[in-house]
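Let's take a friendly walk through this structure together. Have the viewer open beside the text as you read.

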Amino acid sequence: MISCSGYDLFEYKLQSIFRIELLYCGMKLILIEDERELASTIISYLEGEDYSIDNTYSYSKAEEMIHLTEYDIALVDIMLPDGNGLVLLEKLKKINPQCGVLIISARDTLDDKITGLGIGADDYITKPFHLAELNARIKSVIRRKHYYGSNEIIFGDLKIDIDKREIFVNNNLIDLTRREYDLLLFFVSNKERVLSKETIFEHVWGDDSNLFDELDFLYTHIKNLRKKITEHSSKNYIHSVYGIGYKFGEHETN
Amino acid sequence: MESDISLVSMKLINKISRYFLYLFIFISIGMFLSIYFITQTAITDEADEQLTKIRDEAIKELKENRAVNFPPFIEIEESNDRSVRDIFGDSSFLLRGANEEEPYRTLFSIVKVKGRFYQIIVRTSLEEKEEMLYFVTSVAGIAILLFMILFTFLNRAASKKILKDFHTTLQKLNEFSIDQKEKFVLEKANIEEFNNLNKSLEYLADKAINEYRSLKEFTEELNHEIQTPLAVIKSKLELMLQTENLDKDSYSILDISLKQLSKINRINKSILFLNKLEHKKLFESESVELTGEINNALFSLNDYIIAKNISINKKIDRSLFLWINQSLLNILIVNLFSNSIRHNIYNGIIEIELIDNELILSNNGKEPAYNPEKYFERFYKESELNESIGLGLTIVKKICDNYGINIKYIYDSGFHKISLDFNNSITES
């Protein structure tokens with residue numbers, strides 16, 4: 001809703017006014033990423049979500065900012081030009097232990113992962129990532145923190161109980177396979193977004209995805225999921241977008 | 001390879017000794033023959049001189065009208081032959097009382113004494129002299145032979161000592177690996193040529209290590225550096241995907257771009273992983289049970305197995321504990337199974353067998369078109385049609401190499417078979 005990347009006084013004041021309102025609905029998110037282009041893309045993608053986003057490109061600014069504001073979520077790049085993201089993470093956890101942390105790293109090393117998760121990061125994502133994947137991970141961190149009280153997602157006729165991994169369509173419990181559940185949750189996390197087949201595939205089937213060329217059987221899984229939902233609902237939530245992928249939402253697009 | 005090299009070096013010693021031996025045999029035969037003939041000539045000359053003296057004595061006696069006759073050593077009779085001459089010759093005689101013929105030197109002379117012609121035959125036994133000849137030549141022969149044996153041994157020992165530095169160098173070269181961390185150092189040799197050789201080798205090895213290292217660092221840097229721009233492009237394209245009212249062509253362009261980009265990412269990741277595999281220390285080994293890992297892999301690949309309706313035929317009746325890094329074993333097995341699934345036909349079969357300590361995976365599939373021996377090479381693909389990047393089996397091979405697992409591929413009557421020999425990585429537990 002609000003993205004604020006500068007320290008313009010006017011903008012800052014404007015933001016503070018909105019903050020009061022946002023305190024009750026939106027999450028305060030800080031993005032610490034030195035690659036400006038990547039940062040701006042992330043902010044653009046997250047615009048549709050209910051977050052207020054601050055961002056900075058440097059370690060020192062970030063340190064200042066975490067002292068000033070109590071963030072709910074922090075996205076931290078490990079390699080910053082003037083410091084190590086892991087050190088920052090440690091400081092952040094001392095000041096604000098409740099803050100959910102997602103590490104963004106260019107290096108896919110187990111050591112960084114273990115250290116990061118060991119000092120309080122909630123998740124770890126390696127560059128290059130899918131924006132939808134990042135979005136889903138942020139939501140998963142938020143859910144784990146129980147910021148919203150109950151852990152239920154309601155979308156149209158659908159109700160997802162995250163803790164029990166149960167799906168209700170018009171209050172009818174439907175029986176989904178593990179993959180179908182993961183698919184649906186990923187769709188709901190990225191509602192009204194165009195998701196490429198590959199993005200969906202990598203999220204649901206994990207690292208093995210690069211071993212297979214044919215994504216055809218993704219279609220089979222989506223077809224089954226659709227069928228299970230439409231048995232109890234008149235709405236078709238999963239729309240295919242030309243050949244490229246799918247979009248989850250209440251309204252038919254294109 | 002090692003035995004090959006040592007075989008060649010043994011030949012070098014033999015070769016040097018062999019030339020010496022040929023030369024020696026030639027010289028020895030010459031020496032032996034010379035000694036024999038010189039001795040024999042000396043003996044004959046002496047015998048002849050003796051015979052001449054005896055004949056002269058006989059002539060003296062004849063002059064005083066006494067004819068000495070003592071057969072067979074001296075026989076004198078009047079001769080009708082009037083040509084005065086001396087003829088030396090050899091003959092054998094059986095002496096009375098002796099049971100063997102003895103060699104004799106004979107002088108046959110016709111002489112004229114006081115106007116009458118006499119035929120004088122003088123003989124002397126060569127028995128003792130011949131014995132002496134045999135004795136002398138035998139002693140010489142034995143001496144030559146002994147000298148030859150001694151020389152051969154000395155030569156071999158000396159060559160061995162000389163070649164010792166050479167062998168040390170060879171040994172070091174055999175142990176040399178281009179990715180070794182420490183500097184390649186050869187001991188100082190006592191022989192100048194070998195010393196020069198060692199210096200050149202050290203220089204070459206160092207150069208090779210450095211080149212290899214910087215190439216590897218470069219690859220690693222490149223792969224890391226490329227990560228961020230790739231991430232930016234990817235996120236920009238994905239953001240573009242969210243643009244309202246894109247037309248079909250734009251979607252298609254985005255789709256293709258994203259797919260190609262993820263291919264680059266996969267290649268990048270695989271190369272980074274392959275490089276990481278070089279650092280064996282990063283992967284700690286533990287005792288891992290193979291069957292469990294196979295079951296895990298099959299479970300994680302279950303969706304694909306179902307999608308292609310492949311039947312799994314598992315014939316493993318015991319557990320096998322391996323000393324290996326668990327995640328690497330997992331990657332190894334998952335990669336192999338993925339391959340068996342990918343190249344399988346619909347409704348095909350995958351057979352998993354454990355015979356002795358060898359795991360054999362067979363699956364239906366089309367006959368390999370070109371070069372099955374290249375399957376484990378980097379970026380090798382049988383067809384350009386599929387989306388695979390051709391690094392899966394290279395990773396498999398690298399992991400196998402790291403743990404001394406012998407991996408083989410064959411195509412046998414409609415089945416692709418991959419066998420893994422775990423004998424080098426079994427643990428007792």
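How many of the 17 residues of α7(B) are buried? The count is 12, so by the cut-off of 20 or more other C-beta atoms within 10 Å, this helix is mostly covered. Please keep in mind that the model is predicted.

The buried set in α7(B) includes B:Leu328, B:Leu329 and B:Leu332. From its first C-alpha to its last, α7(B) reaches 24 Å, close to the 24 Å expected at 1.5 Å a residue.

Helix α8(B) spans residues 392-402. Its buried residues are B:Gly392, B:Leu393, B:Thr394, B:Val396 and B:Ile399. As a reminder, an α-helix has 3.6 residues a turn, so residues three or four places apart point the same way. The cover over the buried residues of α8(B) includes α7 (326-342), along with α4 (248-278) and β10 (406-412) of chain B. After α8(B) comes B:Gly404, with a positive phi near 65°.

Chain A has 9 helices and 15 strands. Of its 254 residues, 37% count as buried. Among contacts in chain A with a separation of 6 or more, 57% join residues 24 or more positions apart.

Three of the strands form an open sheet in the order β13-β15-β14, with antiparallel pairing. Why do β13 and β14 of chain A each have one side without a neighbour in the sheet? Both stand at the edges with a single partner strand, so one side of each is left open in that sense. The twist averages 35° from one strand to the next. Strands β13(A) and β15(A) are joined by 3 bridges, and A:Val194 has A:Lys247 as its bridge partner in β15(A).

| β13(A) | 194-196 |
| β14(A) | 238-241 |
| β15(A) | 245-248 |

**Where chains A and B meet**

The contact takes 29 residues from chain A and 34 residues from chain B. On the chain A side, the elements giving two or more residues are α2 (36-46), β13 and α8 (197-205). Helix α2(A) supplies the largest share, 6 residues. By residue type, the chain A side divides into 14 nonpolar, 6 polar and 9 charged.

Conventions. Residues numbered from 1 in each chain as written. Chains lettered and ligands numbered in written order. Predicted model: local features only at pLDDT ≥ 70, side-chain atom pairs only at ≥ 80, totals over all residues. Pairing = 2+ DSSP bridges. Helix = DSSP H or I, 4+ residues; strand = E, 2+ residues; numbered from the N terminus. Axes fitted to C-alpha atoms, helices over the stretch in contact; angles between N-to-C directions. Contact = placed C-beta atoms within 7 Å. Nonpolar A, V, L, I, M, F, W, Y, C, P; charged D, E, K, R; others polar. Expected span 1.5 Å × (residues − 1).
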